Amino acid sequence: MEQELNKSIIIAYYLSRRDKEGLNVLGYKTFSKAFKEIGKKIGEKPNNLKNMRDEFDPLFPNQRKGWHQRNLRASRQEVFDKFSKMSDFDLDKYVKGLLNGNTTNNDIYIQQNLGFDTENAESLEEYRKAAKVVKNHISTNRVNFRYSNEEVEAVRNEFLDKFAPEKLAAIPDEKLLKSLFYSKDGNECSLSYVLENQEKIKNMFGGIAGGSTYKFGLFQRNEDGMWVTGSGNKPTVLTEDKALELGKGIRDEIVKGAKLIENTQLNTKEDYDYLDLVLNQETKNTAKKVWVQKYYQILYPEKFVSFYTEEWIDHFLYALDIEPSEKFYGKKGQLAIVKRLSGLEDNEFSDALFDCFKQPKKFIRLGSSIDNGRSIAGEWREKGIVAIGWPKIGSLKHFAKGNSLNRENLAHMLKEEYYSEDSSTSSRKAGEIIKFFNTNKDTVFTIMNGEELIALVDELGEYYYDLNNTPWVHCKKGAWHMSFLEDEFLPKKSEGKLTTCYEFKEPENLQFLYRKYYYDLDGKGMTKIDNELKYNTGLKTNFPANRIIFGAPGTGKSYTLEQERKITLQNETIGGYERVTFHPDYTYSQFVGTYKPVTDRSGTISYQFVPGPFMRVYVEALKNGRSGNPEPYILIIEEINRANVAAVFGDVFQLLDRDSFNVSEYPIHATEDVRTYLAVQLGGNPEDYTEIKIPDNMLIWATMNSADQGVFPMDTAFKRRWDFNYLGINNSEDKIAGKIVTIGKGEHRKKVEWNILRKEINNVLLNDCKVNEDKLMGPFFLSIKNLPEGEEMDEENFSRMFKNKVIMYLFDDAAKQKRPTLFSGCDIKNIYSAICDAFDEKGVDIFNESIRNAFLNSVDGVEE
């Protein structure tokens with residue numbers, strides 16, 4: 001028998017290679033504690049263990065450099081050679097076994113217990129790379145797992161207590177049907193119900209909802225209590241005896257499959273492919289049923305993954321640059337191999353995959369050929385759109401049917417306008433048009449001209465019809481990525497070649513396109529998440545990038561900004577915006593963002609960077625800047641001077657200084673929290689975002705009313721970074737001109753035009769009360785939305801608004817020190833309620849003589 005390897009050297013090798021992850025696996029928090037307790041267990045001095053670990057350190061990417069800068073000694077080299085090709089997962093298991101006394105001869109353990117095939121090590125290389133992608137994503141993006149491993153294991157053990165294979169085998173006949181299948185009494189304890197609906201089982205081990213109850217192979221019908229099998233189109237009603245016979249058969253096949261899986265070593269794709277063949281033969285294809293797959297997943301989480309449809313499994317495999325097996329359990333096994341090599345538990349692996357790659361993608365070929373072999377793609381890219389023709393059929397929304405289009409009606413119109421002699425072509429083209437219409441945010445268009453690859457387009461917007469773009473009138477916005485080299489072609493060049501809109505299906509083409517999309521999106525060998533930021537996008541707008549609109553109350557500051565926002569964003573068809581209102585307690589943390597405790601769905605509390613409106617708009621603008629089709633993103637700040645702007649903006653203040661291209665002239669250093677957040681949102685590593693600048697497509701617009709009470713002053717340095725736009729006291733007064741109301745009683749009853757009254761009050765404030773202009777009332781002091789479209793205003797509504805807004809403002813603010821002057825027509829001039837009561841009786845005669853003289857004509861006796 002071959003001499004046993006030295007335990008101490010193996011442990012030292014493990015601690016160097018696995019580093020802190022290895023400490024976690026073995027249950028230690030520090031190396032010093034590990035050296036002490038492991039040394040005691042294996043009879044080695046702690047310092048010797050440390051020195052041996054340091055000898056291996058130059059070979060691995062840890063933070064230590066190792067103090068023995070020399071070739072490994074023979075005993076160390078032997079351990080390195082034996083274990084270097086073993087996966088982290090298998091090495092973890094081996095070392096734990098070694099420390100627990102479960103291993104006597106190392107090589108026998110490696111070959112027999114782990115089933116690790118050293119000859120197959122090279123075939124696992126693509127899986128190792130995939131595992132590295134997943135682990136890097138977790139470490140870079142601080143992925144939060146929904147459940148702890150302990151929580152998952154507790155739920156799994158509870159499930160096994162009820163439904164382990166030996167438990168299923170022991171169910172007596174009289175209880176079998178209702179223990180396994182849906183029954184009319186709504187039994188929530190059956191295996192079928194638990195697998196599909198039990199909340200924790202659903203969330204922790206993947207969902208299988210959807211489809212009908214026929215997917216379970218047998219169920220009891222609610223309306224008549226009969227047991228049914230078959231399908232919705234061809235149901236078969238069974239007697240109780242026949243149902244029991246079928247149920248026992250399904251149960252026995254499930255149990256047989258479970259034993260087969262338990263006794264099968266599954267280390268390679270070939271192992272899983274063979275399992276697929278044997279398992280389906282032994283269980284008569286029962287193992288193909290989605291609920292049986294999930295059952296096996298819970299039994300053997302180390303051998304499978306919690307995904308149950310080919311669409312999802314293929315998506316993750318392609319995204320990890322692995323061509324999926326043709327066998328279903330082969331595909332599941334491929335992901336399971338990646339999971340094993342990543343050293344993650346099933347729930348961690350599933351959460352990480354979804355966080356990294358999101359929903360399945362559909363890659364769709366979109367032809368761009370016009371005449372003489374030319375392509376229209378350049379024009380599309382300039383406009384940031386993708387499009388198809390057939391303008392004569394009009395807007396596709398005319399053919400709407402649910403969330404899609406009516407193929408029959410669309411084909412009829414195509415035949416009428418384009419293919420009068422060819423019903424087959426009309427129907428086929430209708431299908432292609434519907435495919436274009438149904439594309440969504442999970443679609444990636446591959447723009448092609450014949451066999452020539454031009455670009456990938458994602459982030460698709462809603463469909464719209466644009467006659468200005470004739471003949472390419474059926475349009476969607478999209479983000480363009482020039483991903484392909486000049487002489488680059490699809491592996492299967494002719495797939496979909498003669499089709500305008502075609503979904504790729506060839507595995508070689510899909511793997512090629514996934515690789516481009518996730519790892520080389522812009523043709524620079526970078527991953528999708530490592531795109532270079534573009535601050536100078538070339539965006540041109542009609543308004544300054546940093547602007548503050550200011551003026552007296554009611555001059556229409558917010559209204560003006562809103563109208564100009566709509567113009568800039570072309571009525572919400574491009575770009576985006578966010579609105580925030582400052583107040584005295586508003587802070588930098590709220591504006592930019594900060595670390596906060598966040599509770600996930602399981603109740604677990606973790607700390608995450610929570611962005612504020614500035615950071616959210618900033619990220620959206622940067623994302624758009626990569627698209628090659630720059631669009632404006634606007635941050636609107638209402639009442640900017642109600643907060644302490646120096647404190648709220650903090651270091652962001654420096655970014656407001658923009659150069660001639662409207663990009664921040666002086667970048668600032670991002671905090672670690674911000675760097676990590678930007679890496680999550682924009683991809684790459686936190687180190688890619690050490691500095692930040694405001695791009696030219698991020699606009700910051702604000703309103704300001706310096707006359708309001710309780711506002712904060714702005715210093716000159718802050719002000720000079722903005723374009724100030726003053727709205728005069730009578731700007732846009734034509735919009736409220738001619739609005740007349742009859743107010744007052746008896747001899748005081750008069751017809752009053754609101755705009756004239758406003759201006760007369762302003763004259764008194766300005767000349768008699770010596771009030772500054774910014775305290776006067778603008779045309780929209782009474783909101784225009786509260787004024788009628790016609791000339792005549794309702795007396796009751798006007799009186800209510802006038803008292804609650806105008807009189808209150810004059811009493812509390814503008815004329816606070818000059819009440820006797822302004823309200824000289826009132827007997828009591830220093831009590832707000834008394835002035836309001838007087839207004840009900842006297843109308844405009846509550847004011848001083850110059851205002852009263854503007855409305856001399858009484859309408860006493862006018863019919864009401």
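Colleague: Why is Arg616 called partly exposed?

Modeller: Its relative accessibility is 32%, and partly exposed is the class between buried (under 20% relative accessible area) and exposed (over 50%), with a 1.4 Å probe and protein chains only. Arg616 therefore counts as partly exposed. This is a predicted model, in which local features need pLDDT of at least 70, side-chain atom pairs count only at pLDDT 80 or more, and totals for chains, interfaces and linings use all residues. Residues are numbered from 1 along each chain as its sequence is written, and side-chain values use heavy atoms, with hydrogens and water left out.

Colleague: What makes Glu578 and Arg616 a salt bridge?

Modeller: Their closest N and O atoms are 2.4 Å apart. A salt bridge is a side-chain nitrogen of Lys or Arg within 4 Å of a carboxyl oxygen of Asp or Glu, so the pair qualifies. Glu578 is in strand E15 and Arg616 in helix H25, 38 residues apart; helices (H or I, at least four residues) and strands (E, at least two) are DSSP runs, numbered from the N terminus.

Colleague: How do you know that Lys435 and Glu503 form a salt bridge?

Modeller: The closest N and O atoms are 3.7 Å apart, which is within the cut-off. Lys435 lies in helix H21 and Glu503 in strand E13, so the pair ties together parts that are 68 residues apart in sequence.

Colleague: Is Glu503 buried or exposed, and why?

Modeller: Glu503 has 19% relative accessibility, so Glu503 counts as buried.
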